[in-house]
Amino acid sequence: MAYENIIFQVEDGIATITFNRPKALNALNDSLLTEFSQALDEISGNEDIRVLILTGSGEKSFVAGADISELATFNALQAKRFSKKGRDSISKLQELSIPAIAAVNGFALGGGSEMALACDFIYASENANFGLPEITLGIIPGFGGTQRLPRLVGMGIAKEMIFTGKIISAAEAREIGMVNKVCASESLMEEVLKTAKNIALKGKVSLRAAKQTINNGMNVDLLTGLNIESDAFGLCMASQDAKEGTTAFLEKRKANFKGT
Ligand code: CO8
């Protein structure tokens, strides 16, 4: 499939989607969201892909939010459709069975922060900036930011960011727990790839179970969450990967997981 607004690559089981509208700081327009959603479908249909990395083209920006020049032309119905399209594709990202890592290489504003928040975790370059500045445009985050940011960093910090629209540095984002690791710009992709390769060696069955269990458990009470975990644990134990993992330990060798 040929893409114009993103670059989609797969190498050694690791897929990378690079948002590629550098002249508009990789802002999300309608066409980009369509392509993004199609690429996620390609990933879901390819059993060989084990990890996804999202990043932005150029040195300045991950994603500078929704495309404001396109947004400004929308009537209420078009805005609602666009918001739904963004929300659906970002939900599709969150619901991928494989882990997704955001490699934030510059501005991650508005929809850009929201895209990164829907990944499983975020690594950022030193020059990265995060923020939900929609309030300064007279709107509110529309791609999940009001829901995912408070779940990750707590209600007070999220409300302060959303009410003020302030932009924070990578170091501040690390401090509030939004970002796992801050890297020198030139080593960001190397660091992300190192972690992606580490994850790719693990069993696909247990990775999928761990991701689903954590995500599903976030929205329920503790007892229900623990029951979700027990069910998933039982299913994992029945897999070939669990047999291979435990046998490899006892035979003092590295496990060779097949993902079944
Ligand atoms: N949309 C469209 N074009 C953009 C965007 C954007 N979000 N951001 C930057 N650009 C363009 C600029 O217009 C400029 O284009 P040109 O060269 O043709 O003038 C080019 O990218 C470079 O930008 P700047 O010259 O502004 O670069 P600076 O380094 O001076 O500033 C900033 C960089 C700080 C990132 C600045 O560009 C900026 O503030 N951008 C907007 C950030 C923003 O407010 N993002 C939030 C958008 S709203 C959103 O994401 C809501 C999501 C939910 C939508 C729900 C749908 C209904």
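Hi everyone, let me start with T18, which counts as buried because its relative accessible area is 10%. Here buried means under 20% relative accessible area, exposed means over 50%, and partly exposed is in between, with a 1.4 Å probe and protein chains only. T18 sits in strand 2. Setting aside neighbours within four places in sequence, T18 is in contact with N5, I6, I7, T55, G56 and S57. A contact, by the way, is heavy atoms within 4.5 Å.

A word on what you are looking at. This is a predicted model, where local features need pLDDT of at least 70 and side-chain atom pairs count only at pLDDT 80 or more, while totals for chains, interfaces and linings use all residues. Residues are numbered from 1 along each chain as its sequence is written, and side-chain values use heavy atoms, with hydrogens and water left out.

Now the whole chain. The protein chain has 11 helices and 10 strands. Along the principal axes, its C-alpha trace spans about 60 × 40 × 35 Å.

Of the 260 residues, 46% count as buried. Take the contacts between residues at least 6 apart in sequence: 70% of them join residues at least 24 apart. The accessible surface comes to about 13,500 Å², and carbon and sulfur atoms account for 56% of that. Those areas come from the Shrake-Rupley method with a 1.4 Å probe, and for residues only the protein chains shown count as cover.

For those of you who think in charges, there are 27 positive and 30 negative side chains, and the centres of the two sets lie 3 Å apart. Lys and Arg count as positive, Asp and Glu as negative, and His and the chain ends are not counted. The place of a charge is NZ of Lys, CZ of Arg, CG of Asp or CD of Glu.

Let's go back to strand 2 and follow the chain onward. Strand 2 covers 14-19, helix 1 covers 30-44, and L25 is in the loop between them. L25 has a positive phi of about 50° although it is not a glycine. N26 lies in that loop between strand 2 and helix 1 too, and its phi is near 60°, again a positive value in a residue other than glycine. Are these two buried or partly exposed? L25 is partly exposed, because its relative accessible area is 25%. N26 is buried, because its value is 0%.

Next stop, helix 4, residues 111-117, which holds M115. M115 is buried, with a relative accessible area of 0%. Which residues does M115 touch? Not counting residues up to four places away in sequence, they are F19, L28, F36, L54, F62, I90 and L93. M115 and T16 are 99 residues apart in sequence, yet 14 Å apart in space, C-alpha to C-alpha.

On to helix 9, residues 204-217, where we find S206. S206 is partly exposed, with a relative accessible area of 35%. Its side chain reaches the backbone oxygen of G203 at 3.3 Å.

Beyond residues up to four places away in sequence, K211 touches L93, Q94, L96, S97, I98, P99, A100 and D120.

Last one: L223, in helix 10, residues 222-237. L223 is exposed, with a relative accessible area of 57%. L223 and F107 are 116 residues apart along the chain, and their C-alpha atoms are separated by 39 Å.

Definitions and conventions. Helices (H or I, at least four residues) and strands (E, at least two) are DSSP runs, numbered from the N terminus. A polar contact is a pair of N or O atoms within 3.5 Å; within protein, one must be able to donate a hydrogen and the other to accept it, and residues adjacent in sequence count only if both atoms are side-chain atoms.
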